[in-house]
Amino acid sequence: MSIDGIIFIVYLGVLLSIGLWFSRKSSSSTEQYLLGGRSLGPAVTAMTMQTTAMSGFMFMGAPAMAFKYGWYAIWYAIGDAGGSIINLSVLGKRMRRMSEIMGALSPIEYLEKRFESPSVRVVGSIISIVFLFGYVCAQFIAAGKAMATLTGFTYELSLIIGISVIIVYTVAGGYLAVAYTSFVQGLIMVFGVVGIGFLAYFHVGGLTGLNVALKAIDPTYLSIWGKGLAYYGQWGMVIGAILIYSIGYMGLPHVVVRHMSMKSTKTVKGAVMISAIWNQFFIFVPYILGLIGIILLPTIADPEMIITELAYTLFPGIFAALLLSAIMSAVMSTADSILMQAGSILSRDVYQRFINKNASQKTMILVSRLCILMGGIVGVIVAIYEPPSVFALVLFAFGTLGNAFLVPYVSSVYYKKANYIGCLSAMIGGAMTNIIWTSMSLETSTGLHPFLAGLIVSILGMMIGSQFGRQPSEEVQEAFEQSRKKRYFSKEFDRNITRDLAPEASNVSKFLMNDKYFAGVDSYEHPVSTRN
């Protein structure tokens, strides 16, 4: 094996060590394993949210998209640059408060308790598992491609080795392992891509040289409508391209769970600042590298490997290996989070909710680990035999998840009258619209981006559906009001409610009306009485 392959194997070993380090701590309770004990501070929250959201798409899909469409692809980057700010600002504090008041340990469980219907949990679990699975397959494909380049192994062997490391540290260390490896990976990602981008940018003569060269090849590369003016005048496509990443993250279960795991609502402010700075350094560079690839690598067989080829073209082998570890960082930080979330949904929202309601914490952790392991194995098999393009699969899965859950999550903390019929209508209508729009290529005939079409249907579903059926209970409405107040849970409240959370408690009143959680606590207003 070459020296760059050895460097990469060492890098995998470091990540594996981090996961094993947290294995004992994560086994202490279900909440510790699934949410890290709600203990994450601003830096780790920001980095794990961003690296989880970015995925292998940013290193493979984004350059390939720019290579295909030209400057049109930057619309996606513009939306992405503000995605974390919108996500944390809109959902962060309110979802953190609401999820803890209701004792929810997963985003799907949260929806059931907020909208008070088991059907919400069933539908939400089905949509999540199916499309998180598609999303993680895209990450596995990206991992196999990147590692094959680094090590010289076959795609299949590279896939098995790389994903095995992810599965082991996720199964062993749980949420904390995922969060802290994501923190390390986030640093590698930004330094790696900026290093490649800096040298490549000056290699083509800066922005002016890049545009002059693109114009000489095909002037439409410079158009905001895409190469060949593919989307000329279709503002519905442009708006959808911006919205899918600017607000779409609020619909991804493996991303919004970061709100639930924050140490307190005070974490949001620092996390917004850190993620915003990180975004501006990172987001635009992969797309620019795709444009540079049109000039420097015009005959490349697989545009998704542009960054890999540029790294080896512009840097010596050892430095290229270090920089390309950033690709695997992006892939692994998303794959482990998706596996973790899929395991949480299968164990908490399926097994415990419908199969074994009295499962002990030890049993729940074991089931979560087995679900993660099985999901990883099946994902590897699918990625080996059915390798579609990374950016097409990510966009499809991302769009469907966003259309299914964005409106329900936002409505849960901003629309007091939102009920279970509205939630079901939004989830099913949004998801189905995106699936139909994408599979039938309706964006071509309508000029409307699949995500924008799904978003419109989901909003209408929530607004119209909430006019029917029973309205939210008084307990949920009270929890809604409490989530809006600018008060913070004390550490003593956190310890008490975490210790006593009952898995079978689906009614928020069990928490709101129980004075024992607030005994001796003076820093938080009692949710039902007005005691301070």
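This is a predicted model: local features need pLDDT of at least 70, side-chain atom pairs count only at pLDDT 80 or more; totals for chains, interfaces and linings use all residues.
Which helix does Leu339 lie in? Leu339 lies in helix α17, which covers residues 317-355.

Leu339, then. Its relative accessible area is 4%, and because buried means under 20%, Leu339 counts as buried. What does Leu339 touch, leaving out residues up to four places away in sequence? The list is Val136, Phe140, Ile166, Ile167, Ile372, Gly375 and Gly376. There is also a C-alpha separation to give here: Leu339 and Val171 are 168 residues apart along the chain, and their C-alpha atoms are separated by 9.0 Å.

Now the overall picture. The protein has 25 helices and 0 strands. It has 532 residues, and 61% of them count as buried. On contacts, take the pairs of residues at least 6 apart in sequence: 83% of those contacts join residues at least 24 apart.

Next, the aromatic residues. The structure holds 16 aromatic pairs. One of these is Trp225 with Trp235: the ring centres are 5.0 Å apart and the planes stand at 80 degrees, so this pair is edge-to-face.

Please remember Tyr76, as it comes back with the pocket.

So, the largest pocket. How much space lies in it? About 370 Å³. Its lining has 20 residues, and those nearest the centre are Tyr76, Leu395, Glu443, His449 and Pro450. The elements that give two or more residues to the lining are α5 (57-69), α12 (235-246), α19 (390-414), α20 (420-439) and α22 (450-465). Which of the elements gives the largest share of the lining? That is α19, with 5 residues. By residue type, the lining divides into 13 nonpolar, 5 polar and 2 charged residues.

Helix α12 is one of those lining elements, and Ser246 is also placed in α12. Ser246 has 8% relative accessibility, which is under 20%, so Ser246 is buried. Where does its side chain reach? The side chain of Ser246 reaches the backbone oxygen of Ile242 at 2.9 Å. Setting aside residues up to four places away in sequence, Ser246 touches Gly79, Asp80, Gly82, Gly83 and Ile86.

Most residues other than glycine have a negative phi. Which values go against that here? Leu229 is not a glycine, yet it has a positive phi of about 55 degrees. With a relative accessible area of 37%, Leu229 is partly exposed.

The second case is Ser441, again not a glycine, with a positive phi of about 50 degrees. Ser441 is in the loop between α20 and α21, where α21 covers 442-446. At 39% relative accessibility, Ser441 is partly exposed.

Last, Gln471. Its place is the loop between α22 and α23, the latter being 474-484. Buried or exposed, or in between? Gln471 is partly exposed, with a relative accessible area of 37%. Its side chain reaches the backbone oxygen of Ser466 at 3.3 Å. Beyond residues up to four places away in sequence, Gln471 touches Lys417, Asn419 and Ser466. For Asn419 there is a C-alpha value as well: Gln471 and Asn419 are 52 residues apart along the chain, with C-alpha atoms separated by 5.9 Å.

That is the end of the walk-through.

Methods
Residues are numbered from 1 along each chain as its sequence is written. Side-chain values use heavy atoms; hydrogens and water are left out. On a 1 Å grid over the protein atoms alone, a cavity is a set of points where a 1.4 Å probe fits but cannot get out, and a pocket is an open set with protein on both sides within 12 Å along at least five of seven lines; lining residues have an atom within 4 Å of a point. Grid points are joined across faces, edges and corners, and a volume is the space filled by probe spheres set on the points. Helices (H or I, at least four residues) and strands (E, at least two) are DSSP runs, numbered from the N terminus. Ala, Val, Leu, Ile, Met, Phe, Trp, Tyr, Cys and Pro count as nonpolar, Asp, Glu, Lys and Arg as charged, and the others, Gly among them, as polar. Buried means under 20% relative accessible area, exposed over 50%, partly exposed in between (1.4 Å probe, protein chains only). A polar contact is a pair of N or O atoms within 3.5 Å; within protein, one must be able to donate a hydrogen and the other to accept it, and residues adjacent in sequence count only if both atoms are side-chain atoms. Contact means heavy atoms within 4.5 Å. Rings of Phe, Tyr and Trp (its six-membered ring) pair if their centres lie within 6.5 Å; planes under 30 degrees apart count as stacked, over 60 as edge-to-face and the rest as tilted.
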